[in-house]
Amino acid sequence: MPRAFLVVLDSVGCGGAPDAADFGDEGANTLAHIAQACAAGQAEVGRSGPLTLPVLDGLGLGAAIRLASGAQTPGLQAVPTGRWGAATEASLGKDTPSGHWELAGVPVPWDWTYFPRTTPAFPDALVRQVCALSGTEGILGNCHAAGIPIIEELGPEHLRSGWPICYTSADSVFQIAAHEDGFGLERLYALCIALAPVLHEMRVGRVIARPFVGDAQRGFSRTGNRRDFAIAPPAPTLCDWVQAAGGHVHAVGKISDIFSGKGINAVHKGADDLTLFEHLLRLIGEGEDNSLTFCNFVEFDSLYGHPRDVAGYARALERFDKVAGLALAQLRPGDMMVITADHGNDPTAPGTDHTRERVPVLVAGTGAGEIGHCAFSDVAASIAAHLSIPAQGPGRSFLP
């Protein structure tokens, strides 16, 4: 009986979005620029030489990048043996919920609310609500920031004052960083849960709890206890379609958070992507017939894209390529695996934010051939077709 595995490599875009300039991202190309930097000897920390991704490139990764953007792909020149293409997003965002919802068949029907690039960034009324709910006299941050630098900068003051560190980004998010011991992990979760309906009413996509540990002497580090409190999708997604047809849905990583738990039967989380890779491999071996396993591997984005770490990003891609080889070798007859992304985060681009890009679509288990250009929502329609369940979204299947 058929099974489907939808694997999202968070932020692994391939350039060429036709509206990239509207987002200030003209020329951004996460994969091509990493490959070019590796070939030029500019990504030699912890690895060396051209980007080496034999499994992904064998499925069609290099071909998908060239299709999406026409960019050169040194080291990625294999003749594809899988089905491959490049997907273009319709939703007007370059954020996690927009990308994942649309991959699951539901483009975002509204404009997200984004906080201005000012300091302070948040309305006074919202700040007062945060203070009332947290029992503090004020907040720290109140600005656009990257997560790791802001806890390094404000961590000592946070421990001294007890005030939560609140910040945002180019995404539609309200993030709260707090010390797991000094502020309290459950207190942080309770604050985010109480604030989420307020932010969702404003069309802010996510409230994110960003717990950390450490001190000023030894330094601070984020933990694996992040939680996203996302607005619910506006319509049934691929996850709901599978459930309605009697199938089982496994959510690996932050998928359950992204979909507010809708359409999810089992949640598999971990402190890092290595643990999530283990979940994926285990579920390939153990997963039920007529099931969907939906995975997000976030560290490409969080550890390497936002900090603009080209060598680290290349290492992460090469590490996943080995996992992909193990995964493909374990697929059963009738299984389908789609490897794709939700947006870009070009580590060679200015700033620290996501980049508007097309994403590669690599498919194993359904033969070989070029998909061509497709829509994000076509991924959901194709998985539904493979599982022989009704699709409710706007996408069209790219399966033969």
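**H343 and its contacts**

I started with H343 and listed its contacts (heavy atoms within 4.5 Å). Setting aside neighbours within four places in sequence, I get D10, S11, V12, G13, K94, D95, T96, D301, H354, T355 and V359. This is a predicted model, so I kept to its limits: local features need pLDDT of at least 70, side-chain atom pairs count only at pLDDT 80 or more, and totals for chains, interfaces and linings use all residues. Numbering runs from 1 along each chain as its sequence is written, and side-chain values use heavy atoms, with hydrogens and water left out.

Where does H343 sit? I find H343 in the loop between β12 (335-340) and β13 (359-364). Helices (H or I, at least four residues) and strands (E, at least two) are DSSP runs, numbered from the N terminus. H343 counts as buried because its relative accessibility is 1%. My cut-offs are under 20% relative accessible area for buried, over 50% for exposed and partly exposed in between, with a 1.4 Å probe and protein chains only.

I also looked for a polar contact, meaning a pair of N or O atoms within 3.5 Å; within protein, one must be able to donate a hydrogen and the other to accept it, and residues adjacent in sequence count only if both atoms are side-chain atoms. The side chains of H343 and D10 make one at 3.4 Å. Then I checked V8: V8 and H343 are 335 residues apart in sequence, yet 9.8 Å apart in space, C-alpha to C-alpha.

**The annotated binding site**

Which residues does the record give as a binding site? The unreviewed UniProt entry puts that annotation on D10, D342 and H343. They are spread over 334 residues of sequence but cluster in space, with a largest C-alpha distance of 7.1 Å. I note that UniProt positions are in the numbering used here, feature names are shortened, and annotations may be inferred rather than shown by experiment.

D342 is in the loop between β12 and β13. I count D342 as buried because its relative accessible area is 0%. Beyond four places in sequence, D342 is in contact with V8, L9, D10, S11, E89, T96, G99, H100, L103, V359 and F376. A polar atom of the D342 side chain lies 3.0 Å from the backbone nitrogen of S11.

That sent me to S11. S11 is in the loop between β1 (3-9) and α1 (30-39), and S11 is buried, since its relative accessible area is 0%. Its phi is near 85 degrees, a positive value in a residue other than glycine.

**Domains**

Over residues 3-389 I read 38% helix and 21% strand, with the end C-alpha atoms 12 Å apart.

What lies between the two domains? I find 14 residues of domain 1 in contact with eleven residues of domain 2. Domain 1 and domain 2 bury about 1,000 Å² between them, 52% of it on carbon and sulfur atoms. Buried area here is the accessible area (1.4 Å probe) that two parts lose on being put together, summed over both. P97, D257 and D353 supply 32% of the area that domain 1 buries against domain 2, more than any other three residues.

I looked for salt bridges (a side-chain nitrogen of Lys or Arg within 4 Å of a carboxyl oxygen of Asp or Glu) across this interface, and the rule finds zero. For polar contacts between domain 1 and domain 2, I get three residue pairs, both residues at pLDDT 80 or more. On the side of domain 1 that touches domain 2, α4 (96-103) and α9 (255-258) each supply at least two residues.

H250 lies in strand β9 (residues 248-252), and I call H250 buried because its relative accessible area is 6%. Not counting residues up to four places away in sequence, H250 touches A266, H268, L283, E288, L292, T293 and F294.

I checked backbone geometry too. The T119 to P120 peptide bond is cis, with omega near 10 degrees, and P120 is in the loop between α4 and α5 (124-134). N290 has a positive phi of about 55 degrees although it is not a glycine. N290 is in the loop between α10 (273-286) and β11 (291-297), and counts as partly exposed because its relative accessibility is 30%.
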